[in-house]
Amino acid sequence: MADDIEVSVVLPTFNEAGNIASLIERVGAALADVAHEILVMDDRSPDGTAALAREAGAGHPRVRVVERQPPAGLTLSIFDGVQRARGTFVAWMDCDFSHPPELLPELLAPLRRADADVACASRYVHGGADNRSEAPAVFASLAITKLARWFIDRRVLDYTTGYVMAPRALLLELGLHGDYGEYCIELLGTAALRGYRVLEVPYVSISRVEGESKTATNVVGFVRRGWRYLVTIGRLWLSRRQVAARGVSPGTTTRDLGEQSAVFPDPSSGRSEERAKT
Ligand SMILES: Nc1nc2c(ncn2[C@@H]2O[C@H](COP(=O)(O)OP(=O)(O)OP(=O)(O)O)[C@@H](O)[C@H]2O)c(=O)[nH]1
Ligand SMILES: [Mg+2]
């Protein structure tokens, strides 16, 4: 029965042949006591990731491998997975073991108890750390998240975590927008500004185990990607100001907002859209 799935884990992959089989195993072990499914969202990796994932998932009825059609992209792949998911909650993580699958039950627990609306792994709460060996990446993540905290909402500490679990219904409502990691800034920022409770669970980030980084590895790529992050922060800052100008303080709970609505720009189209609060 599809209905009894509690957690869907979306694994976005591009050239993760060295990681995907053991990742599927570790996700399965971490959620052994939870009704779950695993969706591998592969953007036609030339290294054969999809075939390896199918092989690894052969003994697991609830591993689905999707070989996506273009357009490819991290954010598109994750949201495609959210839309296909059948679980009450949906989680996703990087498939290079920089995100420990063993954290999944800790992300699930507060959602089950309804103590949080969004749970995410965090390097910047007490007990967390960014132990990646690439100093520029560590610095860039910290700088971006500090800017985001300053301009969007101070209650979120790790805006670019990329390891998130939330109710599928909420994710469908909020959507995921952008090309790469900026979707996470937008998701957590929008959730916080709308009054959803974002709970951060500490984890220690490590460098990828196998394979190559898809993140910018040269200065031009770094600037281009960084620019998108800054634009996202600026856009949410403007949203916050618009909401404040309408007399609704950021962080007001969704229920408090009642019938009021707020303008949140739709990043996919560049236009603003009016979304009523529920
Ligand atoms: N489906 C899909 N997945 C992608 C794409 N680009 C990256 N990914 C996946 O997104 C996750 C994050 O990519 P990474 O290369 O680890 O990027 P990063 O974490 O910023 O950088 P490193 O950890 O230093 O390698 C991994 O699971 C990748 O396989 C893409 O275009 N499509
Ligand atoms: Mg990574």
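**Entry 1. Terms and overview**

Helices (H or I, at least four residues) and strands (E, at least two) are taken as DSSP runs and numbered from the N terminus. I need this before I can say where a residue such as Asn19 sits, which is in the loop between S1 and H1. I also note that the model I am reading is predicted.

I looked up the totals next. The protein chain has nine helices and eleven strands. Of its 278 residues, 42% are buried. I then asked how far apart in sequence the contacting residues are. Among contacts between residues at least 6 apart in sequence, 77% join residues at least 24 apart.

**Entry 2. Asn19**

Is Asn19 buried or exposed? I counted its C-beta neighbours inside 10 Å and got 22, so Asn19 is buried, since the cut-off for buried is 20 or more.

Which residues does Asn19 touch, if I leave aside its neighbours within four places in sequence? The contacts are Cys95, Asp96, Phe97, Val209, Glu210 and Gly211. I also checked the pair Asn19 and Leu52. They are 33 residues apart in sequence, and their C-alpha atoms are 9.6 Å apart in space.

**Entry 3. Two positive phi values**

I looked for residues other than glycine with a positive phi. Asn15 has one, near 55°. Like Asn19, Asn15 lies in the loop between S1 and H1. Asn15 has 19 other C-beta atoms within 10 Å and is therefore partly exposed.

Arg44 also has a positive phi, near 50°. Arg44 is in the loop between S2 and H2. I found 12 C-beta neighbours inside 10 Å, so Arg44 counts as exposed.

**Entry 4. A cis peptide bond**

Which peptide bond is cis, with omega near 5°? I found that it runs from Pro70 to Pro71. Pro71 belongs to the loop between S3 and helix H3 (74–84).

**Entry 5. The sheet**

In what order do the seven strands of the open sheet lie? I wrote down S3-S2-S1-S4-S7-S5-S8, and the pairing is mixed. Strand S3 (63–67) and strand S8 (198–202) are the edges, each pairing on one side only. From one strand to the next the twist averages 20°.

Strands of a sheet pair through backbone hydrogen bonds, either parallel or antiparallel. I went through two pairs that involve S7. Strand S4 (residues 89–92) and strand S7 (residues 164–167) are antiparallel and share four bridges. Across this pair, Trp92 stands opposite Val164, and Ala91 has Met165 as its bridge partner. Strand S5 (residues 118–122) also runs antiparallel to S7, with two bridges between them. Here the bridge partner of Cys120 is Val164.

Helix H2 (residues 49–57) does, and it touches strand S1 (7–13), strand S2 (36–42) and S3. The direction of H2 makes about 165° with that of S3.

Which residues of helix H1 (residues 20–30) are buried? I listed Ile20, Leu23, Ile24, Val27 and Ala30. They are on the same side of H1, because they cover an arc of only 130° around the axis. I looked up what these residues pack against and found S1, S2, H2, S3 and helix H4 (104–112).

**Entry 6. Helices H7 and H8**

Two packed helices are described by the angle between their axes and the distance between the axes. I looked up both for helix H7 (residues 182–193) and helix H8 (residues 219–245). Their axes come within 9 Å and cross at roughly 15°. H7 and H8 are therefore roughly parallel to each other, because angles under 35 degrees count as roughly parallel. The crossing is right-handed.

I listed the residues that make this contact. From H7 they are Glu182, Ile185, Glu186, Gly189, Thr190 and Leu193. From H8 they are Arg228, Tyr229, Thr232, Ile233, Leu236, Ser239, Arg240 and Val243.

Methods:
Residues are numbered from 1 along each chain as its sequence is written. Chains are lettered from A and ligands numbered from 1 in the order in which they are written. This is a predicted model: local features need pLDDT of at least 70, side-chain atom pairs count only at pLDDT 80 or more; totals for chains, interfaces and linings use all residues. Two strands pair if DSSP finds at least two bridges between them. Axes are lines fitted to C-alpha atoms, for helices over the stretch in contact, and angles run from 0 to 180 degrees between N-to-C directions. Two residues are in contact if their C-beta atoms, placed from the backbone, lie within 7 Å. The arc is that of the directions from the helix axis to the C-beta atoms. Angles under 35 degrees count as roughly parallel, over 145 as roughly antiparallel, 65 to 115 as roughly perpendicular and the rest as oblique. A crossing is left-handed if the near helix is turned anticlockwise from the far one by less than a right angle, and right-handed if clockwise.
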